[in-house]
Amino acid sequence: GAVVSQHPSRVICKSGTSVKIECRSLDFQATTMFWYRQFPKQSLMLMATSNEGSKATYEQGVEKDKFLINHASLTLSTLTVTSAHPEDSSFYICSARDLGSSSSGNEQYFGPGTRLTVT
Amino acid sequence: QKEVEQDPGPLSVPEGAIVSLNCTYSNSAFQYFMWYRQYSRKGPELLMYTYSSGNKEDGRFTAQVDKSSKYISLFIRDSQPSDSATYLCAMKTNAGKSTFGDGTTLTVKP
């Protein structure tokens with residue numbers, strides 16, 4: 001299946017600093033990438049949908065100025081958590097839709113996730 | 001009311017058992033149905049993908065979709081300890097974003 005990578009896998013930062021998380025589709029092109037947040041023992045919460053070359057679409061309640069998303073190419077999207085606080089500590093997961101799949105680009109593949117801890 | 005409801009579990013079964021995981025949904029526009037497996041501290045992995053009603057089999061896994069009842073299932077035959085994980089159902093409309101269930105945690109005991 002298609003491979004999506006995330007970097008870093010784990011990051012610890014101090015309150016007030018910014019953290020950038022990268023999401024890459026390694027063997028396919030993705031015009032659309034999704035960013036999710038997941039708290040322990042809870043399901044995925046969609047934060048935003050990232051489209052290559054255009055502004056991201058944020059879900060209700062997600063601060064776009066705090067969670068900056070850039071989708072610069074068909075294989076790379078970045079999420080920057082600005083002025084991070086302890087309540088931003090969570091598991092952040094990206095996923096990408098494979099344009100070239102036989103199911104007309106509807107299959108969605110996930111990265112391994114990034115665990116962010118803000119102290 | 002959530003669009004997608006998943007049997008919460010947790011579920012604990014002995015090795016070799018048949019496992020049934022289920023989700024119901026309310027949006028009749030959903031056309032694509034997926035099952036993901038998520039190991040602890042890892043990203044979800046796509047297991048099964050089905051379009052519209054019917055059954056789909058892949059090895060020990062069978063996905064079943066009943067659109068008339070708005071009900072989907074994932075069956076795991078001859079369950080193994082390595083199947084222990086959280087299973088998430090997901091579904092989407094044409095060109096829409098996926099809506100996920102809350103997940104069911106499965107433990108298969110040797």
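1. Contact is used throughout in the sense of heavy atoms within 4.5 Å. Among the contacts in chain A that link residues at least 6 apart in sequence, 55% join residues at least 24 apart, and for chain B, counted with the cut-off of at least 6 apart, 54% join residues at least 24 apart.

2. On provenance, this is a predicted model, in which local features need pLDDT of at least 70 and side-chain atom pairs count only at pLDDT 80 or more, while totals for chains, interfaces and linings use all residues. Residues are numbered from 1 along each chain as its sequence is written, chains are lettered from A and ligands numbered from 1 in the order in which they are written, and side-chain values use heavy atoms, with hydrogens and water left out.

3. Chain A has 0 helices and 11 strands, and chain B likewise has 0 helices and 11 strands; helices (H or I, at least four residues) and strands (E, at least two) are DSSP runs, numbered from the N terminus.

4. The radius of gyration of chain A is 14 Å, close to the 14 Å that the globule rule gives for 119 residues, so chain A is as compact as a globular protein of that length. For chain B, with 110 residues, a compact globule would have a radius of gyration near 13 Å, and the value of 13 Å for chain B agrees. The radius is taken over C-alpha atoms, and the rule is 2.2 Å times the number of residues to the power 0.38. Along the principal axes, the C-alpha atoms of chain A fill a box of roughly 45 × 25 × 20 Å, and those of chain B span about 40 × 25 × 20 Å.

5. Buried residues (under 20% relative accessible area, with exposed over 50% and partly exposed in between, for a 1.4 Å probe and protein chains only) make up 53% of the 119 residues of chain A and 45% of the 110 residues of chain B.

6. The contact between the chains takes 18 residues from chain B and 19 residues from chain A. Together they bury about 1500 Å², 52% of it on carbon and sulfur atoms, where buried area is the accessible area (1.4 Å probe) that two parts lose on being put together, summed over both. B:R41, B:Y49 and B:K97 supply 31% of the area that chain B buries against chain A, more than any other three residues.

7. Which strand of chain B holds B:N22? B:N22 lies in strand β3, residues 19-25, and with 10% relative accessibility it counts as buried. Leaving out residues up to four places away in sequence, B:N22 touches B:E5, B:Q6, B:D7, B:W35, B:Y71, B:I72 and B:S73. B:N22 and B:N55 are 33 residues apart in sequence and 14 Å apart in space, C-alpha to C-alpha.

8. Apart from neighbours within four places in sequence, B:A85 is in contact with B:R37, B:Q38, B:Y39, B:T104, B:T105 and B:L106.
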